[in-house]
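Subject: Structure for your review

Dear colleague,

Please find below the structure I promised to hand over, together with its sequence. My findings follow directly after it.

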Amino acid sequence: MSNVELIGSEFNEDIVRGFEQRIAEVKGSIANSCKKAGRDVGCITLIGVSKVFPVSYAKAAYLAGLRDFGENRVQELVSKIEELNKCDMRPNWHLIGSLQKNKVKYIVGKTHLIHSVDTVDLAREISRKSVANGVVTSILLEANISGEESKHGFRENELNAAIDDICTLDGLKLKGLMTMAPIQSIHGDARPVFSRTKKVFDSLKGYVKAPNEWDTLSMGMSQDYDIAIEEGSTIVRIGTSIFGDRSKLPQ
Ligand SMILES: *Cc1c(COP(=O)(O)O)cnc(C)c1O
């Protein structure tokens, strides 16, 4: 099939070239941050956050080489998975936004990683549905290290108890933590939160039941991924710098 047949009439070769360029720029910045921090660039996974953008953008980004996609809403995730599947495009899909228990059934078996597990009850439901479907679901615990009221996630002092419970559940692979910098943080403000999260992440490796599986720290978005990498992130979730400004999309 030609690209126009794959993506639809809105496809345009320039769009793919644009994605190639922006992905290369982001990868260049990732490499710089790794160099600065003395880290191996192979330890960093780049997720392109395609949320809000039409599925044609996700397909074009796939053609440009992107193989990890993040979505924050279940409905949109499921429909993009189906649309890309039809084109035989099978990237790793990440759920990065909050997940309601009653929607777990729609995504179990379809995600590479769920970043946003923020209650033990939710983990229990993912476990139940995973066992019922004969799959193992990789998850991260969302950590609210800055302790902001408005944020989802476990507070630092809640993580050990949550892990005690979650480690007893079947059908789950507990891989690490996800965090977000304080809301409306300006460049620089993110560092103390990222640095603290990395410390907590490291110390929990000695606490979890399967420390060999505890290897993933998801932190860093378009405005702060350089800092996140310097502080030890292994996954960065990049929307705007790859896909553009979501607020400028026609509604
Ligand atoms: C939207 C979103 C991102 C990407 O944000 P950008 O600032 O556009 O890079 C990353 N992580 C989460 C959880 C998001 O909801």
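I begin with the loop that runs between helix 4 (74-86) and strand 3 (92-95), where D88 lies. Please note that the model is a predicted one. D88 is not a glycine, although its phi is positive, at about 60°. With a relative accessible area of 53%, D88 is exposed, because the threshold for that class is over 50%.

V52 likewise deserves a look at its backbone. This residue is found in the loop between strand 1 (45-49) and helix 3 (55-63). Its phi is positive, near 75°, and V52 is not a glycine either. The relative accessible area of V52 is 44%, so the residue is classed as partly exposed.

The ligand site

Which residues surround the ligand? They are V49, K51, I96, M180, M221, S222, R237, I238, G239, T240 and R246. By class, this shell consists of 5 nonpolar, 3 polar and 3 charged residues.

- K51 has a polar side-chain atom 2.7 Å from an oxygen atom of the ligand.
- In the side chain of R237, an N or O atom is 2.8 Å from a nitrogen atom of the ligand.
- In the side chain of R246, an N or O atom is 2.8 Å from an oxygen atom of the ligand.

On its own the ligand has 390 Å² of accessible area, and the protein covers 90% of it.

K151 is placed in the loop between strand 5 (137-142) and helix 7 (159-166). Is this lysine, K151, buried or exposed? Its relative accessibility is 16%, so K151 counts as buried, the limit being under 20%. The side chain of K151 is joined to that of E148 by a polar contact of 3.0 Å. Leaving out residues up to four places away in sequence, K151 touches N144, S146, M180, A181, P182 and I183. One of these, M180, also belongs to the residues around the ligand.

The nonpolar cores

In soluble globular proteins, nonpolar side chains tend to be buried together. In this model, the largest nonpolar core has 69 residues, and I126, I166 and L177 are those with the most contacts inside it. Beyond its neighbours within four places in sequence, L177 is in contact with L140, L141, A143, L159, T197, V200, F201, L204, W214, T216, L217 and S218. Another core, of 7 residues, lies apart from the largest one; I47, L113, M178 and I235 are among its members.

L174 has its place in strand 6 (residues 172-178). This leucine, L174, is buried, as its relative accessible area is 9%. Neighbours within four places in sequence aside, the contacts of L174 are I139, L141, I163, I166, C167, V208, E213 and W214. From L174 to F154 the separation is 20 residues in sequence and 15 Å in space, C-alpha to C-alpha.

I would be glad to receive your comments on any of these points.

With kind regards

Technical notes. Residues are numbered from 1 along each chain as its sequence is written. This is a predicted model: local features need pLDDT of at least 70, side-chain atom pairs count only at pLDDT 80 or more; totals for chains, interfaces and linings use all residues. Side-chain values use heavy atoms; hydrogens and water are left out. Helices (H or I, at least four residues) and strands (E, at least two) are DSSP runs, numbered from the N terminus. Buried means under 20% relative accessible area, exposed over 50%, partly exposed in between (1.4 Å probe, protein chains only). A polar contact is a pair of N or O atoms within 3.5 Å; within protein, one must be able to donate a hydrogen and the other to accept it, and residues adjacent in sequence count only if both atoms are side-chain atoms. Contact means heavy atoms within 4.5 Å. A residue is near a molecule or strand if one of its heavy atoms lies within 4 Å of it. Accessible areas come from the Shrake-Rupley method with a 1.4 Å probe; for residues, only the protein chains shown count as cover. Ala, Val, Leu, Ile, Met, Phe, Trp, Tyr, Cys and Pro count as nonpolar, Asp, Glu, Lys and Arg as charged, and the others, Gly among them, as polar. A nonpolar core is a set of buried Ala, Val, Leu, Ile, Met, Phe, Trp, Tyr and Cys residues joined through side-chain atoms within 4.5 Å.
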